[in-house]
Amino acid sequence: MLVDTNDIGECGLVSHLEPVDRLKLVKPSGIRQFFALAQEMPLCFNLSVGEPDFCVPWHALDGGWRAVKEGRTHYAPTNGVPELRDALAQKAYRDYGLNYDSNCEVLVTVGGTQAIFIALMALLNPGAEVLIPDPGFVVYEPCVLLAGGIPVHVSLREDNDFRPSMDDVTSLITNKSRVMILNYPNNPTGSMLSYDEVAALSKIAVDCDLVVISDEVYEKIVYDGAKHYCLATFPGMRERTLVINSFSKTYAMTGLRVGCVYGPKELVSRLWLINQYTVACVDTFSQYVALGALKGPQDCVAEMVKEFDRRRHLVHKRLNEFEGFKCQLPKGAFYAFPNIRGSSLSSEQLAEKLVKQASVLTVPGSSFGACGEGYLRLSYASSYKDLEEALDRMEMVLKKHG
Ligand SMILES: Cc1ncc(COP(=O)(O)O)c(C=O)c1O
(Lines give C-alpha, C1' and ligand atoms only; values in the text may rest on other atoms or scores of the structure.)
Protein backbone atom coordinates (compact mmCIF):
# COMPACT_ATOMS: atom_id res chain seq x y z
CA MET A 1 0.00 0.00 0.00
CA LEU A 2 1.29 3.48 -0.85
CA VAL A 3 1.57 5.86 2.08
CA ASP A 4 1.33 9.59 1.55
CA THR A 5 4.23 11.09 3.55
CA ASN A 6 1.95 13.98 4.59
CA ASP A 7 0.14 11.41 6.73
CA ILE A 8 3.25 10.52 8.70
CA GLY A 9 3.09 11.92 12.24
CA GLU A 10 6.03 13.11 14.33
CA CYS A 11 6.86 9.66 15.62
CA GLY A 12 6.86 8.17 12.11
CA LEU A 13 3.42 6.57 12.36
CA VAL A 14 0.64 7.14 9.88
CA SER A 15 -1.24 10.01 11.55
CA HIS A 16 -4.40 8.08 12.39
CA LEU A 17 -2.23 5.54 14.25
CA GLU A 18 -0.51 8.18 16.33
CA PRO A 19 -1.68 8.29 19.96
CA VAL A 20 -4.00 11.14 20.87
CA ASP A 21 -2.40 13.94 22.89
CA ARG A 22 -3.82 12.95 26.28
CA LEU A 23 -2.46 9.42 25.90
CA LYS A 24 0.99 10.76 25.08
CA LEU A 25 1.07 12.09 28.63
CA VAL A 26 0.94 8.66 30.22
CA LYS A 27 3.35 5.72 30.16
CA PRO A 28 2.58 2.07 30.84
CA SER A 29 2.86 1.23 34.54
CA GLY A 30 6.32 0.17 35.70
CA ILE A 31 4.69 -2.75 37.52
CA ARG A 32 3.22 -4.15 34.31
CA GLN A 33 6.55 -3.78 32.49
CA PHE A 34 8.37 -5.91 35.06
CA PHE A 35 5.45 -8.32 35.19
CA ALA A 36 5.80 -8.85 31.43
CA LEU A 37 9.52 -9.56 31.91
CA ALA A 38 8.71 -12.19 34.53
CA GLN A 39 6.20 -13.89 32.21
CA GLU A 40 9.15 -14.89 30.07
CA MET A 41 10.93 -16.49 33.03
CA PRO A 42 9.81 -19.91 34.21
CA LEU A 43 9.47 -20.38 37.98
CA CYS A 44 9.69 -16.70 38.76
CA PHE A 45 8.61 -15.66 42.27
CA ASN A 46 6.28 -12.77 41.83
CA LEU A 47 6.49 -10.29 44.70
CA SER A 48 5.37 -7.43 42.50
CA VAL A 49 1.60 -7.45 42.51
CA GLY A 50 -0.72 -6.44 45.32
CA GLU A 51 -2.86 -9.53 45.12
CA PRO A 52 -3.68 -11.66 48.17
CA ASP A 53 -3.03 -15.35 47.51
CA PHE A 54 -6.13 -16.34 49.52
CA CYS A 55 -9.34 -17.66 47.98
CA VAL A 56 -12.48 -15.56 47.97
CA PRO A 57 -14.40 -16.54 51.17
CA TRP A 58 -16.84 -19.37 50.46
CA HIS A 59 -19.88 -17.53 51.84
CA ALA A 60 -19.15 -14.67 49.44
CA LEU A 61 -18.98 -16.94 46.40
CA ASP A 62 -22.11 -18.65 47.58
CA GLY A 63 -23.93 -15.31 47.44
CA GLY A 64 -22.89 -15.00 43.80
CA TRP A 65 -23.88 -18.58 42.83
CA ARG A 66 -27.29 -18.18 44.44
CA ALA A 67 -27.95 -14.95 42.57
CA VAL A 68 -27.00 -16.57 39.26
CA LYS A 69 -29.20 -19.61 39.96
CA GLU A 70 -32.07 -17.25 40.68
CA GLY A 71 -31.54 -15.73 37.24
CA ARG A 72 -29.95 -12.45 38.35
CA THR A 73 -27.69 -12.19 35.35
CA HIS A 74 -29.08 -9.00 33.84
CA TYR A 75 -27.97 -5.39 33.98
CA ALA A 76 -27.88 -4.04 37.51
CA PRO A 77 -28.74 -0.41 38.31
CA THR A 78 -25.89 1.88 37.27
CA ASN A 79 -25.12 2.84 40.86
CA GLY A 80 -25.09 -0.77 42.07
CA VAL A 81 -27.56 -3.42 43.25
CA PRO A 82 -29.68 -1.89 46.04
CA GLU A 83 -28.94 -4.65 48.58
CA LEU A 84 -25.21 -4.09 48.13
CA ARG A 85 -25.52 -0.31 48.46
CA ASP A 86 -27.58 -0.82 51.63
CA ALA A 87 -24.96 -3.19 53.04
CA LEU A 88 -22.19 -0.70 52.18
CA ALA A 89 -24.06 2.13 53.89
CA GLN A 90 -24.51 -0.09 56.97
CA LYS A 91 -20.80 -0.89 56.93
CA ALA A 92 -19.86 2.82 56.89
CA TYR A 93 -22.11 3.37 59.90
CA ARG A 94 -20.85 0.29 61.74
CA ASP A 95 -17.15 1.02 61.11
CA TYR A 96 -17.06 4.81 61.35
CA GLY A 97 -20.46 6.08 62.53
CA LEU A 98 -20.94 7.70 59.09
CA ASN A 99 -24.44 8.05 57.69
CA TYR A 100 -24.64 7.72 53.91
CA ASP A 101 -27.89 7.51 51.98
CA SER A 102 -27.62 4.25 50.03
CA ASN A 103 -29.80 5.70 47.24
CA CYS A 104 -27.56 8.58 46.30
CA GLU A 105 -24.37 8.67 48.39
CA VAL A 106 -22.96 5.21 47.69
CA LEU A 107 -21.82 4.17 44.22
CA VAL A 108 -20.58 0.70 43.26
CA THR A 109 -17.62 0.84 40.87
CA VAL A 110 -15.35 -1.46 38.86
CA GLY A 111 -12.83 -1.77 41.68
CA GLY A 112 -11.10 1.10 43.40
CA THR A 113 -9.18 1.85 40.20
CA GLN A 114 -12.22 2.92 38.22
CA ALA A 115 -13.54 4.82 41.23
CA ILE A 116 -10.36 6.94 41.27
CA PHE A 117 -10.58 7.59 37.53
CA ILE A 118 -14.22 8.67 37.49
CA ALA A 119 -13.74 10.76 40.63
CA LEU A 120 -11.01 12.73 38.88
CA MET A 121 -13.00 12.94 35.63
CA ALA A 122 -15.90 14.35 37.62
CA LEU A 123 -13.91 16.81 39.71
CA LEU A 124 -11.33 18.39 37.43
CA ASN A 125 -11.55 21.22 34.96
CA PRO A 126 -8.55 21.50 32.62
CA GLY A 127 -5.50 22.78 34.49
CA ALA A 128 -6.84 21.99 37.97
CA GLU A 129 -4.06 20.94 40.33
CA VAL A 130 -4.21 17.73 42.32
CA LEU A 131 -1.93 16.94 45.25
CA ILE A 132 -0.77 13.35 44.93
CA PRO A 133 1.56 11.35 47.19
CA ASP A 134 5.09 10.62 45.94
CA PRO A 135 5.84 7.74 46.17
CA GLY A 136 2.23 6.84 45.49
CA PHE A 137 -0.05 4.24 43.90
CA VAL A 138 0.76 4.13 40.16
CA VAL A 139 -2.77 5.00 39.06
CA TYR A 140 -3.00 8.51 40.52
CA GLU A 141 -0.74 10.47 38.20
CA PRO A 142 -2.00 8.96 34.90
CA CYS A 143 -5.63 9.39 35.98
CA VAL A 144 -5.05 13.04 36.88
CA LEU A 145 -3.42 13.61 33.49
CA LEU A 146 -6.15 11.78 31.56
CA ALA A 147 -8.73 13.89 33.36
CA GLY A 148 -6.94 17.08 32.21
CA GLY A 149 -5.48 17.95 35.60
CA ILE A 150 -1.95 18.73 36.77
CA PRO A 151 -0.39 16.38 39.32
CA VAL A 152 1.48 18.14 42.13
CA HIS A 153 3.75 15.76 44.02
CA VAL A 154 3.79 15.73 47.81
CA SER A 155 7.00 14.06 48.97
CA LEU A 156 6.62 11.26 51.49
CA ARG A 157 9.99 10.92 53.17
CA GLU A 158 11.38 7.97 55.04
CA ASP A 159 12.62 10.17 57.90
CA ASN A 160 8.97 11.18 58.44
CA ASP A 161 7.74 7.56 58.22
CA PHE A 162 6.50 8.25 54.67
CA ARG A 163 3.83 10.64 55.92
CA PRO A 164 3.29 14.07 54.37
CA SER A 165 4.77 17.09 56.14
CA MET A 166 1.99 19.62 56.75
CA ASP A 167 4.36 22.45 55.76
CA ASP A 168 5.03 20.75 52.41
CA VAL A 169 1.34 20.29 51.75
CA THR A 170 0.51 23.88 52.61
CA SER A 171 3.37 25.25 50.50
CA LEU A 172 2.16 23.33 47.43
CA ILE A 173 -1.38 24.72 47.48
CA THR A 174 -2.16 27.41 44.91
CA ASN A 175 -5.34 29.05 43.65
CA LYS A 176 -5.56 26.21 41.09
CA SER A 177 -5.53 23.40 43.69
CA ARG A 178 -8.79 21.47 43.69
CA VAL A 179 -8.19 17.96 44.98
CA MET A 180 -5.89 16.20 47.44
CA ILE A 181 -5.46 12.45 47.11
CA LEU A 182 -4.60 10.60 50.30
CA ASN A 183 -3.99 6.89 50.67
CA TYR A 184 -3.64 5.32 54.10
CA PRO A 185 -2.79 2.57 54.90
CA ASN A 186 -0.35 3.33 52.13
CA ASN A 187 0.79 1.60 48.98
CA PRO A 188 3.78 1.36 48.41
CA THR A 189 5.27 2.32 51.79
CA GLY A 190 3.05 0.48 54.31
CA SER A 191 2.75 3.65 56.41
CA MET A 192 -0.28 4.94 58.30
CA LEU A 193 -1.44 8.29 59.68
CA SER A 194 -2.06 9.19 63.32
CA TYR A 195 -5.29 10.84 64.46
CA ASP A 196 -3.51 14.21 64.73
CA GLU A 197 -2.13 13.96 61.21
CA VAL A 198 -5.52 13.15 59.71
CA ALA A 199 -6.98 16.05 61.69
CA ALA A 200 -4.25 18.42 60.40
CA LEU A 201 -4.72 17.31 56.77
CA SER A 202 -8.48 17.69 57.13
CA LYS A 203 -8.05 21.21 58.44
CA ILE A 204 -5.88 22.09 55.42
CA ALA A 205 -8.55 20.67 53.09
CA VAL A 206 -11.29 22.69 54.77
CA ASP A 207 -9.25 25.92 54.97
CA CYS A 208 -8.15 25.66 51.31
CA ASP A 209 -11.50 24.38 50.03
CA LEU A 210 -10.10 21.15 48.58
CA VAL A 211 -12.00 17.98 47.78
CA VAL A 212 -10.23 14.94 49.21
CA ILE A 213 -10.15 11.60 47.44
CA SER A 214 -9.33 9.28 50.31
CA ASP A 215 -8.23 5.92 48.99
CA GLU A 216 -8.86 3.56 51.90
CA VAL A 217 -8.76 0.21 50.12
CA TYR A 218 -6.33 -1.18 52.75
CA GLU A 219 -8.43 0.03 55.72
CA LYS A 220 -8.72 -3.49 57.20
CA ILE A 221 -5.09 -4.49 56.70
CA VAL A 222 -3.42 -2.94 59.75
CA TYR A 223 -1.13 -4.44 62.39
CA ASP A 224 -0.27 -4.25 66.08
CA GLY A 225 -3.70 -2.91 66.97
CA ALA A 226 -3.17 0.24 64.86
CA LYS A 227 -6.30 2.24 64.13
CA HIS A 228 -7.29 3.48 60.70
CA TYR A 229 -9.04 6.86 60.65
CA CYS A 230 -11.53 7.45 57.86
CA LEU A 231 -11.07 10.97 56.49
CA ALA A 232 -14.79 11.61 56.18
CA THR A 233 -15.26 11.39 59.97
CA PHE A 234 -13.28 14.59 60.66
CA PRO A 235 -14.98 17.98 61.08
CA GLY A 236 -16.05 19.51 57.78
CA MET A 237 -14.86 16.48 55.79
CA ARG A 238 -17.95 14.41 55.08
CA GLU A 239 -19.19 17.00 52.58
CA ARG A 240 -15.83 17.29 50.78
CA THR A 241 -14.51 13.72 50.80
CA LEU A 242 -14.91 10.88 48.37
CA VAL A 243 -13.94 7.73 50.25
CA ILE A 244 -12.76 5.01 47.88
CA ASN A 245 -13.03 1.42 48.97
CA SER A 246 -12.72 -1.98 47.33
CA PHE A 247 -13.38 -5.67 47.87
CA SER A 248 -10.12 -6.57 46.11
CA LYS A 249 -7.80 -6.58 49.11
CA THR A 250 -10.12 -7.22 52.07
CA TYR A 251 -11.77 -10.28 50.51
CA ALA A 252 -9.07 -11.32 48.00
CA MET A 253 -11.50 -10.46 45.18
CA THR A 254 -9.07 -8.76 42.80
CA GLY A 255 -10.43 -10.45 39.68
CA LEU A 256 -14.09 -9.83 40.44
CA ARG A 257 -13.68 -6.05 40.20
CA VAL A 258 -15.95 -4.51 42.82
CA GLY A 259 -15.19 -1.24 44.56
CA CYS A 260 -17.22 1.67 45.81
CA VAL A 261 -17.28 5.38 46.51
CA TYR A 262 -18.94 7.11 49.45
CA GLY A 263 -19.55 10.84 49.36
CA PRO A 264 -22.06 13.68 49.42
CA LYS A 265 -24.78 13.26 46.82
CA GLU A 266 -23.73 16.43 44.93
CA LEU A 267 -20.38 14.75 44.15
CA VAL A 268 -21.47 11.12 43.88
CA SER A 269 -24.18 12.03 41.34
CA ARG A 270 -21.47 13.27 38.95
CA LEU A 271 -19.55 10.02 39.14
CA TRP A 272 -22.79 8.11 38.67
CA LEU A 273 -23.44 10.09 35.47
CA ILE A 274 -20.04 9.06 34.08
CA ASN A 275 -20.80 5.43 34.91
CA GLN A 276 -24.07 5.63 32.97
CA TYR A 277 -22.21 6.31 29.76
CA THR A 278 -19.10 4.21 30.33
CA VAL A 279 -19.79 0.96 32.18
CA ALA A 280 -23.61 0.86 32.44
CA CYS A 281 -23.20 -1.21 35.60
CA VAL A 282 -20.71 -3.34 37.50
CA ASP A 283 -20.85 -7.11 36.82
CA THR A 284 -24.02 -8.35 38.54
CA PHE A 285 -22.57 -11.70 39.69
CA SER A 286 -19.58 -9.95 41.29
CA GLN A 287 -21.84 -7.53 43.13
CA TYR A 288 -23.69 -10.45 44.73
CA VAL A 289 -20.36 -12.00 45.72
CA ALA A 290 -19.47 -8.67 47.34
CA LEU A 291 -22.82 -8.65 49.12
CA GLY A 292 -22.18 -12.19 50.37
CA ALA A 293 -18.75 -11.07 51.61
CA LEU A 294 -20.19 -8.17 53.62
CA LYS A 295 -23.16 -10.09 55.02
CA GLY A 296 -21.25 -13.18 56.13
CA PRO A 297 -18.85 -13.77 59.03
CA GLN A 298 -15.80 -11.51 59.01
CA ASP A 299 -13.30 -13.83 60.73
CA CYS A 300 -11.82 -14.61 57.28
CA VAL A 301 -10.53 -11.02 57.15
CA ALA A 302 -8.93 -11.23 60.61
CA GLU A 303 -7.33 -14.59 59.69
CA MET A 304 -5.92 -13.16 56.49
CA VAL A 305 -4.48 -10.15 58.32
CA LYS A 306 -2.95 -12.47 60.94
CA GLU A 307 -1.18 -14.36 58.19
CA PHE A 308 -0.05 -11.12 56.50
CA ASP A 309 1.38 -10.11 59.87
CA ARG A 310 3.47 -13.30 60.05
CA ARG A 311 4.75 -12.66 56.54
CA ARG A 312 5.42 -9.00 57.37
CA HIS A 313 7.80 -10.00 60.17
CA LEU A 314 9.57 -12.54 57.97
CA VAL A 315 10.10 -10.07 55.13
CA HIS A 316 11.13 -7.24 57.44
CA LYS A 317 13.68 -9.40 59.27
CA ARG A 318 15.22 -10.95 56.16
CA LEU A 319 15.42 -7.71 54.15
CA ASN A 320 17.31 -6.02 56.96
CA GLU A 321 19.92 -8.80 56.79
CA PHE A 322 20.75 -8.01 53.16
CA GLU A 323 23.72 -5.85 52.45
CA GLY A 324 22.74 -2.34 51.49
CA PHE A 325 19.10 -2.76 52.61
CA LYS A 326 17.33 -0.89 55.40
CA CYS A 327 13.66 -1.64 55.92
CA GLN A 328 11.07 -0.11 58.24
CA LEU A 329 8.43 -2.41 59.68
CA PRO A 330 5.28 -1.73 57.61
CA LYS A 331 2.29 -0.64 59.70
CA GLY A 332 -0.45 -1.42 57.20
CA ALA A 333 -1.26 -2.88 53.72
CA PHE A 334 1.01 -5.73 52.55
CA TYR A 335 4.09 -4.07 51.12
CA ALA A 336 7.66 -3.70 52.33
CA PHE A 337 9.53 -0.68 50.99
CA PRO A 338 13.20 -1.13 51.84
CA ASN A 339 15.75 1.61 51.32
CA ILE A 340 18.26 0.06 48.92
CA ARG A 341 20.63 3.00 48.52
CA GLY A 342 23.41 0.98 50.15
CA SER A 343 23.36 -1.44 47.20
CA SER A 344 24.74 1.36 44.98
CA LEU A 345 22.31 0.35 42.24
CA SER A 346 19.30 2.31 41.06
CA SER A 347 15.96 0.77 41.98
CA GLU A 348 15.44 -0.26 38.36
CA GLN A 349 18.88 -1.83 38.08
CA LEU A 350 18.34 -3.76 41.29
CA ALA A 351 14.86 -4.96 40.29
CA GLU A 352 16.25 -6.09 36.94
CA LYS A 353 19.14 -7.89 38.61
CA LEU A 354 16.75 -9.66 40.97
CA VAL A 355 14.45 -10.82 38.22
CA LYS A 356 17.29 -11.98 35.97
CA GLN A 357 19.59 -13.55 38.55
CA ALA A 358 17.22 -14.63 41.33
CA SER A 359 13.97 -15.03 39.38
CA VAL A 360 12.32 -12.77 41.93
CA LEU A 361 10.05 -10.07 40.66
CA THR A 362 9.86 -6.82 42.67
CA VAL A 363 8.95 -3.27 41.68
CA PRO A 364 11.53 -0.46 41.47
CA GLY A 365 10.59 2.38 43.79
CA SER A 366 10.94 4.83 40.89
CA SER A 367 7.70 3.38 39.42
CA PHE A 368 5.85 5.16 42.23
CA GLY A 369 7.33 8.61 41.60
CA ALA A 370 10.69 10.36 41.78
CA CYS A 371 10.73 10.15 45.59
CA GLY A 372 10.47 6.35 45.31
CA GLU A 373 13.97 6.17 43.82
CA GLY A 374 16.33 4.42 46.22
CA TYR A 375 13.63 1.96 47.32
CA LEU A 376 12.16 -1.34 46.16
CA ARG A 377 8.59 -2.52 46.70
CA LEU A 378 7.96 -6.12 47.67
CA SER A 379 4.45 -7.40 48.17
CA TYR A 380 4.09 -9.99 50.92
CA ALA A 381 0.69 -11.10 49.68
CA SER A 382 2.31 -14.34 48.41
CA SER A 383 2.43 -17.49 50.54
CA TYR A 384 4.91 -17.75 53.44
CA LYS A 385 6.67 -20.61 51.71
CA ASP A 386 7.08 -18.66 48.46
CA LEU A 387 8.32 -15.65 50.38
CA GLU A 388 10.93 -17.78 52.16
CA GLU A 389 12.13 -19.21 48.87
CA ALA A 390 12.17 -15.82 47.16
CA LEU A 391 14.11 -14.25 50.04
CA ASP A 392 16.63 -17.13 49.98
CA ARG A 393 17.19 -16.54 46.29
CA MET A 394 17.52 -12.80 46.80
CA GLU A 395 20.05 -13.38 49.53
CA MET A 396 22.22 -15.53 47.27
CA VAL A 397 22.32 -12.84 44.60
CA LEU A 398 22.79 -9.97 46.97
CA LYS A 399 25.59 -11.72 48.88
CA LYS A 400 27.39 -12.81 45.72
CA HIS A 401 27.30 -9.50 43.92
CA GLY A 402 26.15 -6.99 46.55
C1 LIG B 1 -3.73 2.20 46.92
C2 LIG B 1 -4.60 1.43 46.01
N3 LIG B 1 -5.78 1.95 45.65
C4 LIG B 1 -6.61 1.31 44.82
C5 LIG B 1 -6.27 0.09 44.30
C6 LIG B 1 -7.24 -0.50 43.34
O7 LIG B 1 -7.57 -1.80 43.52
P8 LIG B 1 -8.84 -2.42 42.77
O9 LIG B 1 -9.06 -1.66 41.51
O10 LIG B 1 -8.50 -3.84 42.53
O11 LIG B 1 -9.99 -2.23 43.72
C12 LIG B 1 -5.04 -0.50 44.61
C13 LIG B 1 -4.60 -1.77 44.01
O14 LIG B 1 -3.47 -2.17 44.06
C15 LIG B 1 -4.18 0.20 45.50
O16 LIG B 1 -2.99 -0.30 45.86
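The dialogue below takes up the ligand, the pocket and some backbone features.

Tutor: Keep in mind that this is a predicted model.

Student: Which residues come nearest to the ligand?

Tutor: The ligand has 14 residues around it, and those that come nearest are Gly112, Thr113, Asp215, Ser246 and Ser248. Sorted by class, this shell holds seven polar, four nonpolar and three charged residues.

Student: Which helix gives the most to the shell around the ligand?

Tutor: That is α5, residues 111-123, with three residues in the shell.

Student: How much of the ligand's accessible area does the protein cover?

Tutor: On its own the ligand has 390 Å² of accessible area, and the protein covers 93% of that.

Student: How is empty space found in a model?

Tutor: A probe the size of a water molecule is rolled over the atoms, and this shows where empty space is left. In this structure, the largest pocket is the space that the ligand takes. About 1300 Å³ of space lies in that pocket.

Student: Which residues are closest to the centre of the largest pocket?

Tutor: Of its 50 lining residues, Ser29, Ile31, Phe137, Val138 and Val139 are the closest to the centre. By class the lining has 23 nonpolar, 17 polar and 10 charged residues. At least two lining residues come from each of α2 (30-39), α5, β3 (129-134) and α6 (140-146).

Student: What should I look for in the backbone?

Tutor: Look at the torsion angles, starting with omega at the peptide bonds. Asp134 and Pro135 are joined by a cis peptide bond, with omega about 5°. Pro135 belongs to the loop between β3 and α6. Another cis peptide bond joins Tyr184 and Pro185, with omega about -10°. Pro185 is in the loop that runs between β6 (177-183) and α8 (195-207).

Student: Where is Asp209 found, and what is its phi?

Tutor: Asp209 is in the loop between α8 and β7 (211-215). Its phi is near 55°, a positive value in a residue other than glycine.

Conventions
Residues numbered from 1 in each chain as written. Predicted model: local features only at pLDDT ≥ 70, side-chain atom pairs only at ≥ 80, totals over all residues. Heavy atoms only, no water. Near = heavy atom within 4 Å. Areas by Shrake-Rupley, 256 points an atom, 1.4 Å probe, with all protein chains shown as cover. 1 Å grid on protein atoms, 1.4 Å probe; cavity = no way out; pocket = protein on both sides within 12 Å on 5 of 7 lines; lining within 4 Å. Sits in = over half its atoms within 2 Å of the grid points. Helix = DSSP H or I, 4+ residues; strand = E, 2+ residues; numbered from the N terminus. Nonpolar A, V, L, I, M, F, W, Y, C, P; charged D, E, K, R; others polar. Points joined across faces, edges and corners; volume = space filled by probe spheres on them.
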